[in-house]
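Take a look at the protein shown here. This report walks through a few of its parts.

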Amino acid sequence: MEILVCVKQVPGTTEVEVDPVTGVLKRDGVASKMNPYDLYAVELGLRLAEATGGRLRALSMGPPQAKAVLLETAAMGAESGVLVSDRRLGGADVLATGYTLSQAVRTLGKVDLILCGKQTTDGDTAQVGAEMAEFLGLPHANNVQSVEPDGEGYVKVRIDLDSHISVQRLPLPCVLCIDSEVNTPRLPSYRRKKSLPPDCVKTISLDDFGDREPAHYGLTGSPTQVERIFPPEKNSEKEMLHGSGEDMAKELAAILRCRKLI
Amino acid sequence: MSFSVVTRENMEALRAIVGQENCLWGEEISPDYAHDELGGVERMPDILLRVHSTEEVSRIMAYADTHRLPVVVRGSGTGLVGAAVALEGGVMLETTGMNRILELDEENLTVTVQPGVLLMELSEFVQSHGLFYPPDPGEKSATIGGNISTNAGGMRAVKYGVTRDYVRGLTVVLPTGEVLELGGKVVKNSSGYSLKDVIIGSEGTLAVITQATLRLLPLPPVSVSLLAPFDSLDAALDAVPAIVRSKAAPTAIEYMSRDVILMAEEYLGKKFPDTTAPAYALLTFDGPDLSQVEQAYAGTADLCLELGARDIYLVDTDERKKSVWDARGAFLEAIKASSVEMDECDVVVPRSRIADYIKFTHALAKELDMRLPSFGHAGDGNLHIYLCRDGMGRETFEEKCRLAFERLYAEAARCGGRVSGEHGIGWAKKEYLAAHSAPEELALMGRIKAAFDPNGILNPGKVI
C-alpha cells in the first residue's frame, strides 16, 4: 500500500508568548518539533506499511527548516519526504494550505491512503486534512481510531464521533485524520538517522504544481485575513451545555444568536 | 530505653502549642500514620501534631525532652525503610503544613524552603525562574525535609550528585529544643565540623529540620534521552563502565529489563515506545542548546552501537520523554502491584561492579527460586532489587528474604558497596548496617547520637 502522511513543524513548547506590541508570536529561541498529533498518524502509517508490504512517505509544507520534521519522520521509518517550500505560499490560511497540499499530493504519483494528525498544536483548527481531501475529491474521515485494509481496495475505519463510534468502509484512496492516543508512536532511530541518504527529502515549489497561478496560494489565496494575534484574556467562567449533540448544538446556536454573535 | 506514654495532660500541653485544629489524639489519627510505603513495620503514634513553625517545633521538643516522650518527624510518609514510623508510639510531628517557599535568591542562586515543600513543587517553582534543583528521586511527592533526611539521590546523581551536594544551610531544632542555624548561603565553608552534613542523611534521629537553603543551578535548556535496546541485561550493563570511561557526561544512566517495563505498561495502562529487546539502557544528556547536546551524545550513541546496542532511540520531545520517563517513574509501584508482598534492597556498589552484581542477583534468584526483578541507576551504582513473595506462604517468604538480604549485602560488601544508596536505613535495614559496618564506626555513630539527643527521644530505634 502506498501511504502518505502529512506532518507539520510546530513550536517546541505550548507556551509561546505573543509580543503584546506587534501581536507576532515570539518564535526566537523557541525550538521546533513535529506536531505531536502527527506522531500517531506516522505510527499508524508505519504499521500499515509494514503489514501490507507497502511504503510510507511524508509530506510537509513550511519554511526550509521544516525539512527537520521530514528527516525525523524518516528516522522513525518513513521511506522519504517531500517538503513544499516556497515564499509565494507564505501566509496561507487553512483553505489555501489544504489546496496547496492537494496540489502537492498530485505530484507524488500513486497514493492509496493519506493520513494526517487530527489537528496541530499551533493552529488547532483541525480543518486542513478535510479541506485537502475535498480539493482532491477524496472521501475522508476525522477522529479515526483504527484502520484495517481489506485487500480489496477498501479500508474499515473506526471513527470516534463523540456520542458514538462509527465503523465505516471507505474506498481507497481516501484521507484519514487520526485521533490522538490511538497508539504509542515509536521513537526516531539514531541508526536510521545516521544512514539516511542525502536525497531522502525532496523540496518542491509552486513551479512543480499543476496549478501554477500564484494568486491561488499564500496570503492572496486565503479568504482568512489575520488582523491581529493577541493572547486571550484569562477567563475561568464557563457554561456547560448538556444533552445530546443535536440538542446542545441547538442550544448553543440560540445562545450565540441571543448574544448577537451570529 | 524506656519512654513515657503520652498522657491527657501531655496532650493538653502539646495542643496548647499547635492549636486544637493541629492536634490529633488517639483514634482521631488516620491509620495511614502507622506506616510508610514499604518499611514492613506499623505502629500508631499516640498524638499527631501538625507543626507550622520553628518556634512550635522548639517548644514541642523542649516539652517532649523534659517529659521523655518519643518524637518522630514525618513528611509525606513516602519512605521505604520505616524511618518515619513511631516505633515507640509517642509524638508524631507532621511537617507537611510547613510548605512555604520562603525566598528565591537569584544573586546567590539559592532557594530557602520549609521542610514540607514537595519535591515536585520545588522543581516546578525553580524551573519557572529558569533555575534547576538537580536531585531527582523517583518519588516526586516526597517532602524536601524527607529528601534531606535520607540524603536522597535519584536519576541525575551520575552528573549532578545527591541531595547533600545541594544543601547550603539548615535551620534545625535539637531534641532538647534549641534552634541552630547551620551553614548558610555561603559557597565555601571550612568553619569547624560540618554539623549540617551530619544531619543530612540522619533520618530524623539527630535534629528536626525546619528550614533549608538549597543550592540551585541555571536550568539546562535542552535535554535528550537515548534509549538503547540490548540483546540481554548483561550486555546493557556491560556497556555502562565503557560509557563512564568514555568521559561523556550523561546526567543519568538507567537500566531496565523488558519484564519490568511490561509490569509498568500493565500498571499504567500505557504502552512503552519499544519492548522488542530484552533489556535497555536509558541515558540522558543536557546542555545549553540542541547542537551541543547532539554533539555530546553522538559519541556515546556510537559507543553503545559498537558495544552491541541494537539501535539508539531518540527521546527528544516532551511527549517522547513522557512516554519513557512515566514508565521509569512507575517501576516501583508496578513491581509492587505485581506481587502480593515485596521487600526491597537499595544497595549501592562501585559502578564498575554493577554488571557483575546484577548477574549475581540472577543466580541468586534461581538458587532461592524467588523472583528478584531490579532496575536502577547504573550510572551511579545504586540498584533497586525487589524480593517478591508471589505464591509463597508468609513464613517461607520471610525466611527467603532473610537469606536473600544476607547474601545480597554480603556480595555488595565484597564488591566495595554499602547497604543503602538512597533510601536510608530506618528500621528495616538496621541489622544489615550493623552487620556490614565496623564496630568502631557504629560506636562513634552512637556517641554522635547521644551528643545531639542525650535522652534518646528523637526517632528512637532507627538507623543504629
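Is A:Asp179 buried or exposed? The model is a predicted one. In it, A:Asp179 has a relative accessible area of 7%. Buried means under 20%, so A:Asp179 is buried.

A:Asp179 also has a partner. It forms a salt bridge with A:Lys118, and the closest N and O atoms are 3.2 Å apart. A:Asp179 sits in the loop between strand E10 (174–178) and H5 of chain A. A:Lys118 sits in the loop between strand E6 (113–117) and helix H4 (128–136) of chain A. The pair therefore ties together parts that are 61 residues apart in sequence.

Side chains of opposite charge can pair when their charged atoms come close. Over all chains, a search of the whole structure finds 46 salt bridges.

One of them joins B:Glu103 and B:Lys185, at 2.7 Å from N to O. This pair links distant parts of the chain, 82 residues apart. B:Glu103 is in strand E5 (residues 101–105) of chain B. B:Lys185 is in the loop between strand E9 (179–183) and H6 of chain B. B:Glu103 is partly exposed at 33% relative accessibility. B:Lys185 is partly exposed too, at 30%.

Another salt bridge pairs B:Glu399 with B:Arg402, with the closest N and O atoms 2.8 Å apart. How far apart are these two in helix H13 (residues 394–414) of chain B? They are three residues apart, so about one helical turn separates them. In an α-helix, residues three or four places apart point the same way, because there are 3.6 residues a turn. B:Glu399 is partly exposed, with a relative accessible area of 38%. For B:Arg402, also partly exposed, the value is 36%. Elsewhere, salt bridges with shared partners join A:Glu2, A:Arg55, A:Arg57 and A:Glu79 into one network.

Helix H9 (residues 290–306) of chain B has 17 residues. At 1.5 Å a residue it should span 24 Å, and its end C-alpha atoms are 24 Å apart, which agrees. H9(B) bends by about 30° at B:Tyr297. B:Tyr297 is also among its buried residues, which include B:Val293 and B:Leu303. Their cover includes helix H5 (190–195) of chain A, as well as helix H7 (233–245) and strand E14 (279–287) of chain B. After H9(B) comes B:Gly308, with a positive phi near 110°.

Helix H6 (residues 245–258) of chain A has 14 residues. Just after H6(A), A:Lys260 has a positive phi of about 60°.

A:Lys33 lies in strand E3 (residues 32–34) of chain A. With a relative accessible area of 10%, A:Lys33 is buried. Beyond its neighbours within four places in sequence, A:Lys33 contacts residues of both chains, including A:Lys8, A:Val69, B:Thr317 and B:Glu319.

B:Thr78 lies in the loop between strand E3 (71–74) and strand E4 (91–94) of chain B. Its relative accessibility is 17%, so B:Thr78 counts as buried. Leaving aside neighbours within four places, B:Thr78 touches B:Glu37, B:Glu139, B:Ser141 and B:Ala142.

## A nonpolar patch

Which residues make the nonpolar surface patch of about 480 Å²? They are B:Tyr193, B:Leu195, B:Val198, B:Leu444 and B:Ile448. Helix H6 (195–199) and helix H15 (439–452) of chain B each supply at least two patch residues. B:Leu444 is in helix H15. It is partly exposed, with a relative accessible area of 44%.

Key
Residues numbered from 1 in each chain as written. Chains lettered and ligands numbered in written order. Predicted model: local features only at pLDDT ≥ 70, side-chain atom pairs only at ≥ 80, totals over all residues. Heavy atoms only, no water. Patch = residues over 30% accessible without salt bridge, like charges linked within 9 Å, V, L, I, M, F, W, Y side chains within 5 Å. Areas by Shrake-Rupley, 256 points an atom, 1.4 Å probe, with all protein chains shown as cover. Salt bridge = Lys/Arg side-chain N within 4 Å of Asp/Glu carboxyl O. Helix = DSSP H or I, 4+ residues; strand = E, 2+ residues; numbered from the N terminus. Buried < 20%, exposed > 50% of the residue type's maximum accessible area, 1.4 Å probe, protein only. Expected span 1.5 Å × (residues − 1). Bend = angle between axes of the 7 residues up to and from the residue. Contact = heavy atoms within 4.5 Å.
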